[in-house]
Amino acid sequence: MAIKESFDAVAAEYDAQRRKLLPCFEDLYTVPFLVTDCKKPNPRVLDLGGGTGLFSYYLLQRYPQAQVTLVDLSGDMLAVAKERFKKHEGFGYIVADYARHRFEEKYDMVISALSIHHLAAEDKERLYHTCYGILQEGGIFINADQVLSPSPGLERMYHDRWRSFVDKSGLSPSEIEAAYARTVHDDPSPLADQLTWLGEAGFKAVDCVYKYLHFCVMVGLK
């Protein structure tokens with residue numbers, strides 16, 4: 001099943017499953033907005049792979065006046081986001097491959113959660129250059145994502161611990177099977193490489209502000 005169809009199929013259940021698939025759910029979705037500081041009360045934000053709008057929901061807890069554009073391959077996922085934010089003004093939605101889409105606007109923040117790891121290394125590197133280019137001076141880039149461990153031994157250990165968590169999560173056998181099947185679309189890159197790519201893209205301050213197993217939060221400041 002192609003990546004779009006995989007996420008179309010799980011759109012209705014996606015949010016409910018997140019906490020049962022992520023042992024560090026609360027940290028991964030909240031830490032990014034605790035450690036960053038956008039000076040504007042109503043920042044313009046681009047959410048790459050925005051899906052159901054879960055990451056943007058947490059963004060709004062810190063920046064309730066944010067104007068957010070969500071872009072995702074899955075129209076079904078974005079349909080959930082539209083329902084979630086139907087009472088919020090200033091929201092936009094783009095059904096597209098964000099790694100290939102040509103963005104015409106400038107943003108104060110570019111954010112992404114659990115999406116960029118689906119891209120090949122060269123596409124990640126190219127995307128980081130794109131993100132730098134579409135950010136305003138002083139803008140913030142946040143990627144809460146899955147990364148490749150620095151050694152095969154650590155990768156096995158982290159993977160086994162994650163699967164142990166999922167197997168005990170309370171999800172049904174079919175839900176667990178579908179979650180594992182979606183990992184065929186994963187193509188994570190090492191954290192160190194990605195921090196290097198962000199620096200090479202032009203970001204003047206780059207850091208990993210949170211990490212748990214193979215999940216982490218990367219931040220770049222323009």
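# Reading contacts, cores and strands

Student: Which residues does Met109 touch, not counting residues up to four places away in sequence?

Tutor: Met109 touches Phe33, Thr36, Cys38, Pro43, Arg44, Val45, Leu46, Leu59, Tyr63, Leu135, Ile140 and Ile142, once residues up to four places away in sequence are left out. Each of these is called a contact because heavy atoms lie within 4.5 Å. Residues are numbered from 1 along each chain as its sequence is written, and side-chain values use heavy atoms, leaving out hydrogens and water. This is a predicted model, in which local features need pLDDT of at least 70 and side-chain atom pairs count only at pLDDT 80 or more, while totals for chains, interfaces and linings use all residues.

Student: Which residues touch the most other members of the largest nonpolar core?

Tutor: They are Leu28, Tyr29, Leu59, Met109 and Ile142, in a core of 40 residues. The term nonpolar core means a set of buried Ala, Val, Leu, Ile, Met, Phe, Trp, Tyr and Cys residues joined through side-chain atoms within 4.5 Å. Another core, of 25 residues, lies apart from it, and Ile116, Ile134, Trp197 and Leu198 are among its members.

Student: Why is Thr69 called buried?

Tutor: Buried means under 20% relative accessible area, whereas exposed means over 50% and partly exposed is in between, with a 1.4 Å probe and protein chains only. Thr69 has a relative accessible area of 15%, and therefore it is buried. Thr69 is found in strand E2, and, leaving aside neighbours within four places in sequence, Thr69 is in contact with Val45, Leu46, Asp47, Gly92, Ile94 and Tyr107. In the chain, buried residues make up 50% of the 222 residues.

Student: Which strands are called the edge strands?

Tutor: The open sheet has seven strands in the order E3-E2-E1-E4-E5-E7-E6, with mixed pairing. Strand E3 (92–95) and strand E6 (205–212) are its edge strands, as each pairs on one side only. On average, neighbouring strands of this sheet are turned by 15° against each other, direction ignored. Helix H3 (residues 25–35) packs on the sheet by touching strand E4 (107–113), E5, E6 and E7, and its direction makes about 150° with that of E6. For such angles, axes are lines fitted to C-alpha atoms, for helices over the stretch in contact, and the angles run from 0 to 180 degrees between N-to-C directions.

Student: How do you know that the chain agrees with a compact globule?

Tutor: The radius of gyration is taken over C-alpha atoms, and the globule rule is 2.2 Å times the number of residues to the power 0.38. For 222 residues a compact globule would have a radius of gyration near 17 Å, and the chain has 17 Å, so the two agree.

Technical notes. Pairing = 2+ DSSP bridges. Helix = DSSP H or I, 4+ residues; strand = E, 2+ residues; numbered from the N terminus.
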